[in-house]
Amino acid sequence: MPLTNPEAPAFHETVETPEQVRLHLELAGLGTRSIAYILDTLLRYGVLLAIFVAVVLVFDVFQIHWETTGDRFGTHLILIILTLLYFFMEWGYFAMFEWLWTGQTPGKRAARIRVLKDGGGPISFLDAALRNLVRIIDSSGPMAAIGMMFIFFSKKNKRPGDLLARTIVVREHPRTLMQLLAVSDLPPRIPDDPFIDLIRRISLTSDQHDLIVRYLLRRDQLDSTTRARLCGQIVDAILNPVRLQPNSEHLSLPQEPDYERFLQGLIAVQAGPPPASRP
Amino acid sequence: MTPTQFIHTHKEHWQQLESLLVKTERCRLRALTRTELKRLGQLYRILTTDLAYAQTNFPHSDLLLTLNQLASRTHPYVYRGQSFTFAGVLQFFRNDLPQTFRANVHYFVLSATIFLVAAALGAIAVLFNEEAAGIIISPKLIDYIHRHEMWTEHFFSVIPSSVASTRIFTNNISVAFSAFALGLTFGVGTFIIITINGLMLGCILMLCARYSMLGPLLEFITAHGVVEISTILIAGAAGLMVGTALLNPGNHTRRDALAVHGADAVKLVLGVAPILVVMGLVEGFISPQPAIPAELKMALGLFLGALLYLHLFLSGRKSSTTNRVS
C-alpha cells in the first residue's frame, strides 16, 4: 500500500526523457500553489513595507522633506530606488526568480514546487516572463479567483499564464532518498541471527518490503500498544504462508518480544549479496 | 534481486548525485566545477537506467517513487536551454524583435488604427462640445489649460527630473505590460487601454488648440511622444495577438494558438520595455527643459521616431533569409 502511487494517471504528467525512460511528475495542486503564492506575496509586500517604513522614519528623524530639502543625503536616489523596487515587486519578482532559480521563487521553494516546461525541461527567460506578466489577469488580488478556478478545473492544473507559456507546476519531495537509505543502512545481523533458517525461506514481495521498511522507520513515533499490535499484524502476515509450507513444524518461529528483531533481520538479509547478477 | 539488494548495490551513485544536486539547487550550476558538472550528467544517465530497471521489477514501490523523484529533480538541470548572454540579448534586439514585429505587423496596424480613430473621435467631441473633455481628462488639467498654463511646468518644478523620469517609465512599462496581459480578456481590455489613450490625446490636443496652447503642448510632447506612443501601440498589438488567438484560433486549437501567439507577443512587449526607459529619461530631462529650443526637441522626436521605425522595418532582414535558406 504505497502512499503515493507513481503510476496513477490522475494529477500526474508523464514525460519521456531522451534516454527513453518515462518520468512521472506529480502536478502541484491548488493548495500548494496557493501557499507558495501567499508566501511570495507576504515576502514582496513585507520587504516593500519594511523599507518604506524605514525610509519614512529616517526622513522624519533628519527632518527631510523631499520637496523642500532638495537633494541632501541623496534623497532623490532613495526615491528612485523606492520607485524601482516597487516596480520590481509588481512585475519582475516572479519572472526573475523563476528564471534564476530554474523555475522556483522563494515561496515555491518553501512549498517544494517548481515550474517546468510541458516536456519536463527547464523554463527559459521568455517563458518565465510570459507566465508571470499575465498575473494581473489570473493571480493578483481578486483576480486570483480566476487563476484558482483554472488550476482547479483544468486537466493539468494550469492557470492562463501556464497555458500561454506551456508550463506545468510540479511537486518535489527532496527528503525521500535519505529515508530510503536510512533503512538499508540498518546494521546487518546476518551471522548471529537466531531466525536465519526461517528468514532464508521467506521471499518478500516489494509491497511487503515497503511495509516493513515504513514500520521500522516510524516505530519510535508510535505508542507501545499500537507498536506491538502493528508489529504482530505484520509478522503474522509474513509468517502465515510459511506455516502452511511442508516441514515447517521444526522451525523455531519468533515469539512476541523478538518480532522487531526478526523484521530487522529480514530486511538486513535481503540486503545481502544478490543471488544473481543484474541482467 | 530484492529492492534492498538493489538499493545496496547502487546507492552510492544516487547519494553522489543527490549531493551534487543539492549543491546545484542552492547556488545554480555555476557552483559546480567542470568535473562535477560532467559527473552530474553521467550520474543522471546511470540513474535513468536504474529507474528503468525499477519500473520493470519494483512497480508501485517506494524505491521506484524515490528514484523517479530524484530523476525528475535532476532533469531540468541536465537539459538546460540556451543561457542568457550579452550576445544573446544583442541578437534579440537586433534581429528577433524587428523580425517578430514584421511577422505580426497587421496587429500593429490594427492597434494604431484603433488609437487614431479614438483620437479623432476625442478631438471631434471636444470640437463640438468642450465639456466632453471632462469625461476623460482630470478637471485639474482642464483648469491649467483654461488659465493658459502648461501643467508640466508645475509638475517638473516640484519633482526633480531624475525622480520624474523613473516614475514616468515605470508607469509606462506597467501600461505596456497591462495592455499585453489584458489580451487574455479576449482583447477587450487591450482595446479599452488603447482607446482611452487615443481619446485622451485627441481631447487634450483639441482643447489646447481652442485655448491656443498647441505650441507649448507640441513642444513638450514631440521629443518623447512619437516613440512613446508607438511603443504603447506595439504593446497593444501584443495584447491583440493574444486576444485574437482566443477569438479566432484558425487551424490550431485555442490552447495551441494561445501558446504560439503568446511566445511572439511576449517578445514584442519585452523588447519595448527598454525603449520606454530611454523615453522616460527624454521626457524627464529634455522635454520640460526651457533652455532647449522647441525646434531641437521636435527634431529629436522625429529623429528617434524614424530610428525606431527604420529599425523595426529594416533590421535583421538578412539573417531571416539566411535562416530560411539553411
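Helices (H or I, at least four residues) and strands (E, at least two) are DSSP runs, numbered from the N terminus. By that rule, chain B holds 14 helices and 0 strands. This is a predicted model, in which local features need pLDDT of at least 70, side-chain atom pairs count only at pLDDT 80 or more, and totals for chains, interfaces and linings use all residues. Residues are numbered from 1 along each chain as its sequence is written, chains are lettered from A and ligands numbered from 1 in the order in which they are written, and side-chain values use heavy atoms, with hydrogens and water left out.

**Chain B overall**

- From the N terminus on, the elements of chain B read α-α-α-α-α-α-α-α-α-α-α-α-α-α.
- Chain B has 326 residues, and 50% of them are buried. Buried means under 20% relative accessible area, exposed means over 50%, and partly exposed lies in between (1.4 Å probe, protein chains only).
- Of the contacts in chain B with a separation of 6 or more, 77% are between residues 24 or more positions apart. A contact means heavy atoms within 4.5 Å.
- Chain B exposes about 15300 Å², and carbon and sulfur atoms supply 65% of that area. Accessible areas come from the Shrake-Rupley method with a 1.4 Å probe; for residues, only the protein chains shown count as cover.

**Nonpolar cores**

- A nonpolar core is a set of buried Ala, Val, Leu, Ile, Met, Phe, Trp, Tyr and Cys residues joined through side-chain atoms within 4.5 Å.
- The largest core has 53 residues. Those with the most contacts inside it are A:Leu133, B:Phe177, B:Phe180, B:Leu184, B:Leu258, B:Val266 and B:Val269.
- Helix α11 (residues 214–247) of chain B gives the largest share of this core, 13 residues.
- A second, separate core has 29 residues, including A:Ile168, B:Trp14, B:Ala54 and B:Phe58.
- Leaving aside residues up to four places away in sequence, A:Leu133 touches A:Trp91, B:Phe177, B:Phe180, B:Ala181, B:Val266, B:Val269 and B:Leu270.

**Nonpolar surface patch**

- B:Phe186, B:Val188, B:Phe191, B:Ile192, B:Ile196, B:Met200 and B:Leu247 make up a nonpolar patch on the surface. Together they have about 630 Å² of accessible area.
- Patches are made of residues with over 30% relative accessible area and no salt bridge: like charges are joined within 9 Å, nonpolar side chains (Val, Leu, Ile, Met, Phe, Trp, Tyr) within 5 Å.
- Helix α10 (residues 188–210) of chain B supplies the largest share of the patch, 5 residues.
- B:Phe186 sits in the loop between α9 (161–181) and α10 of chain B. Its relative accessible area is 46%, so B:Phe186 is partly exposed.

**Salt bridges**

- The whole structure has 18 salt bridges over all chains. Each is a side-chain nitrogen of Lys or Arg within 4 Å of a carboxyl oxygen of Asp or Glu.
- B:Asp256 and A:Arg166 pair through their side chains (3.7 Å, N to O). B:Asp256 lies in helix α12 (residues 254–286) of chain B and A:Arg166 in the loop between α8 (160–165) and β4 (167–171) of chain A, so the pair joins two chains.
- B:Asp256 is partly exposed at 32% relative accessibility, and A:Arg166 is partly exposed at 34%.
- B:Glu18 bridges to B:Arg73, with the closest N and O atoms 3.7 Å apart. B:Glu18 is in helix α1 (residues 3–27) of chain B and B:Arg73 in helix α3 (residues 62–78) of chain B, so the pair ties together parts 55 residues apart in sequence. Both B:Glu18 and B:Arg73 are buried.
- A:Arg33, A:Glu98, A:Lys108, A:Arg131, A:Arg135 and A:Asp162 are linked in a salt-bridge network.

**Strand pair and positive phi**

- In chain A, strands β1 (residues 12–16) and β2 (residues 22–26) run antiparallel and are joined by 5 bridges. Two strands pair if DSSP finds at least two bridges between them.
- A:Glu16 stands opposite A:Arg22 in β2(A).
- The hairpin of β1(A) and β2(A) has 5 residues between the strands, and A:Gln20 there takes a positive phi near 65°.
- Most residues other than glycine have a negative phi.
- A:Arg112, not a glycine, has a positive phi of about 55°. A:Arg112 lies in the loop between α4 (106–110) and β3 (113–117) of chain A.
- B:His148 has a positive phi near 55°. B:His148 is in the loop between α7 (139–146) and α8 (151–158) of chain B.
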